[in-house]
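Biologist: Could we go through this model together? I would like to begin with how its parts meet.

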Amino acid sequence: MVDRIADIWGTRTAFARGERWPVRVDLRLADGVTEADVDRWVASACVLCSNGCGLEIAVKDGEMVGVRGRATDLVNHGRLGPKGLFASWQGVRNGDRLTRPLVRMGGALVETDWDTAMGRIVERSRKLLAEKGPLSHGFYTSGQLFLEEYYAQAIIGKAGLGTPHMDGNTRLCTATAAASMKESFGSDGQPGSYSDIDECDAMFLFGHNMAETQTVLWMRVLDRLAGPNPPRLVCVDPRETEVARHAEVHLAVRPGTNLALMNGLVRELFAHGWIDEEYIAAHTVGVGELRSTVAPWTPERVADTCGVDPADVRRAAEIFGTSDRVLSTVLQGFYQSSQATASSCQVNNLHLLRGRIGTPGNGILQMNGQPTAQNNREAGADGDLSGFRNWENPEHIQELAELWGVHPDTIPHWAPPTHAMQIFRYCEQGSIEFLWVSATNPAVSMPQAPRIRKILEKEDLFLVVQDLYLTETARYADVVLPAAAWGEKQGTFTNVNRTVHLSDKAVEPPGEARSDLDIFLDYARRMDFRRDDGRPLLDWTGPEDAFRAWQECTRGRLCDYTGLSYEKLRGGTGIPWPCNDEHPDGTNRLYGDGIFPTEYDRAESFGHDLLTGATVGPLKFRALQANGRAILKPAAYHPATEAPDDEYPFLYSTGRTVFHFHTRTKTARAKQLNRAAPSAWVEMSVPDAERLGLGEGDLVRVASRRGEIVVPLRVGDVRPGTVFAPFHYGYWEQDRSGPGDRPTAANELTETEWDPVSKQPILKVAAVRIEKVADSVGPAPAPTNTASRPADASAVRPTAGGPDAEVEERPRETEPPAAPDEGGRR
């Protein structure tokens with residue numbers, strides 16, 4: 001048995017390049033329950049990060065009592081991370097779950113029945129449609145619903161109501177992942193595969209603290225590092241994360257300077273001839289402009305701008321330029337920072353310049369942060385058009401109109417879809433008067449939280465919140481709908497590397513809670529949305545009907561699901577799309593043939609100016625003549641919009657800790673995880689703390705131009721001049737919607753600014769000051785075994801879980817599962 005709070009990544013199972021990752025099955029059951037006591041095991045996958053680890057849910061007496069990793073699943077080979085082991089099941093089965101709808105009466109939320117709650121929603125919806133039209137409606141959803149639910153919501157919004165105001169919290173998380181792939185390759189869809197870890201000679205992690213955000217994927221890396229011929233690692237992160245500790249080169253860049261670094265790395269490939277001229281000529285366009293844009297960015301200039309050693313810039317470039325097989329991963333350190341899309345496109349450019357894409361060990365993973373973010377983008381609940389279609393292409397609009405049985409003009413396509421930041425601006429200004437929030441908590445997670453709370457409490461905003469618990473956001477609602485959770489409903493979802501899993505229903509939801517799909521279908525029926533021929537817009541009776549409809553929507557598109565079925569997905573592993581007649585077992589990697597979806601009729605986007613966000617448009621796109629070639633998109637570096645000054649001398653950045661997910665609505669209800677990181681803190685470097693006379697555990701006030709937090713200080717391994725705060729900690733445990741006299745939410749300080757292309761908010765660059773409020777009464781409540789470790793480890797008790805955090809790990813000698821193109825590899 002292994003304490004998986006103290007030993008986050010578990011026992012090593014080393015393997016060499018070219019071998020398959022060995023199987024290790026992780027098992028955690030409720031105290032006092034053995035495998036013999038389990039009535040049945042129900043197949044699913046974890047939904048507490050984007051990795052998509054296959055697992056089985058243990059059911060006893062109608063309750064979820066634990067989980068077991070699925071040995072045959074190609075994603076995780078049986079392993080599970082701490083959040084999956086402890087919170088996936090414990091986090092959704094609690095006495096404070098919402099079990100009946102709530103409506104606001106006399107200023108308070110009171111329980112009611114479904115007819116009353118839905119009646120209020122439909123009444124307000126119809127009234128606004130009649131008086132003000134579809135632009136009065138907005139939808140803000142999640143990265144945690146199922147595919148079938150997103151697709152239903154997309155059709156309701158686009159074909160039922162006709163509103164462009166639809167987005168998800170994926171805008172905060174990984175909108176830049178999608179944007180960067182559209183700009184470079186013509187479409188969303190990860191080129192790489194997790195199995196590239198098994199094959200690569202070098203790994204670059206750009207703003208990606210994989211050790212804490214995708215723990216099982218990091219286990220795979222650790223097992224490669226423990227075996228023969230390990231890959232060389234390069235880490236770009238302002239903190240000394242576990243990734244940085246294992247890296248050959250750690251580039252601790254100044255927050256907001258990612259593009260300067262990337263332009264320097266691209267320049268070094270040109271300067272040293274580490275490029276594939278034949279591949280560039282045959283498979284890309286735009287190399288001349290890229291070369292001239294990066295030319296000024298010498299290692300010395302990069303060092304001056306980013307605050308790193310020029311020798312480290314050279315060494316990182318040499319590793320990329322001379323390694324035969326290179327894998328790059330990218331996450332929020334790039335996506336939530338300045339010039340996010342431009343920086344992420346340069347990662348794509350590095351691979352394209354060397355022709356290192358789509359073959360074993362050569363891959364790009366523009367990562368997601370949530371378990372079903374990919375489905376939100378595919379299905380179109382985030383504002384994109386369903387099936388990776390292009391809002392500027394009339395033929396794509398016609399295809400959807402025919403699928404949904406409506407006139408093309410019903411589907412909003414006269415302007416770009418409305419992104420989340422603009423949706424809340426419209427709510428603030430009063431043009432959106434109906435906002436439906438599902439499975440997300442913007443009162444805590446959106447930037448500039450004080451402003452968001454004022455918007456949510458507006459009397460003229462009719463707010464519907466659909467969730468598991470009475471979150472901070474739900475406390476502002478006019479109607480609260482109790483939703484079924486993972487394990488309580490059926491549906492599919494797709495992880496980072498396009499692998500689709502089916503989650504079968506294991507138990508009944510509590511009380512009167514309903515699946516999100518049932519709620520959306522009920523709304524569509526009550527609104528009497530119809531196709532032009534008079535039939536119901538959505539005539540589905542359940543998730544499998546929705547899945548079949550989705551398959552038709554994807555036919556012939558890059559994200560082709562036509563070869564999948566619920567039955568096929570019960571075969572012991574997830575399957576990566578595209579899966580169709582040509583690829584009946586799925587597709588492990590994309591673009592190995594050097595052909596990209598940049599033809600006019602295939603492209604999901606015609607692209608943007610990376611500096612201004614202006615659309616390229618169909619005419620200029622045609623003139624580019626990409627025609628199946630990737631696009632090398634350059635961008636000049638510009639400093640962040642907010643920089644330190646005398647009044648606010650520190651750079652402020654936010655991020656995750658390994659033991660929590662989003663605003664802790666699930667993870668804080670798993671006692672093992674919550675003990676490890678029970679409340680908020682802020683991190684500062686040793687020299688900065690010494691200069692200000694601050695010590696470990698001191699209560700400090702961190703203030704920006706927008707707000708403040710008051711939390712204990714962790715003196716640790718963050719870059720000097722930088723302050724870091726985890727973004728998970730809101731106020732629901734105090735039965736509050738806001739901070740009261742003790743603000744702790746990291747987004748009290750962040751600014752309302754976003755990337756011009758992806759529209760992703762800049763959550764990792766702000767100017768703050770810090771001052772002491774009170775002396776320490778003990779160390780900060782931060783973990784000691786993550787990037788938040790204390791500088792003086794002897795002064796803080798090590799993080800441990802105890803007996804109730806012990807997990808059984810079972811290494812197996814069985815043949816590891818193989819990805820679709822790896823049947824012959826051992």
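Biologist: How many salt bridges are there between domain 2 and domain 3?
Modeller: The count is two salt bridges, a salt bridge being a side-chain nitrogen of Lys or Arg within 4 Å of a carboxyl oxygen of Asp or Glu. This is a predicted model, in which local features need pLDDT of at least 70 and side-chain atom pairs count only at pLDDT 80 or more, while totals for chains, interfaces and linings use all residues. Residues are numbered from 1 along each chain as its sequence is written, and side-chain values use heavy atoms, with hydrogens and water left out.

Biologist: Which side chain meets Lys182 in a salt bridge?
Modeller: That of Asp384, at 3.1 Å from N to O.

Biologist: Which residues make up domain 2 and domain 3?
Modeller: The assignment gives 102-173 + 372-555 for domain 2 and 175-367 + 597-631 for domain 3; such bounds come from an automatic or database domain assignment.

Biologist: And how much area do domain 2 and domain 3 bury between them?
Modeller: About 1,800 Å², 45% of it on carbon and sulfur atoms. Buried area is the accessible area (1.4 Å probe) that two parts lose on being put together, summed over both. In domain 2, Phe388, Glu392 and Val496 lose the most area to domain 3, together 30% of what that side buries.

Biologist: Changing topic, where does Glu242 lie?
Modeller: Glu242 is in helix H9, residues 242-246; helices (H or I, at least four residues) and strands (E, at least two) are DSSP runs, numbered from the N terminus.

Biologist: Is Glu242 buried or exposed?
Modeller: Glu242 counts as buried because its relative accessibility is 12%. Buried means under 20% relative accessible area, exposed over 50%, and partly exposed in between (1.4 Å probe, protein chains only).

Biologist: What does Glu242 touch?
Modeller: Leaving aside residues up to four places away in sequence, Glu242 touches Trp9, Ala211, Trp218, Asn785, Thr786 and Arg789. Contact means heavy atoms within 4.5 Å.

Biologist: What about the backbone: what is the phi of Gln339?
Modeller: Gln339 is not a glycine, yet has a positive phi of about 50 degrees. Most residues other than glycine have a negative phi, and most peptide bonds are trans. Gln339 sits in the loop between helix H15 (332-335) and helix H16 (340-354), and is buried, with a relative accessible area of 14%.

Biologist: Which residues does a cis peptide bond join?
Modeller: Trp577 and Pro578, with omega about -5 degrees. Pro578 is in the loop between strand S21 (575-576) and helix H24 (617-624).
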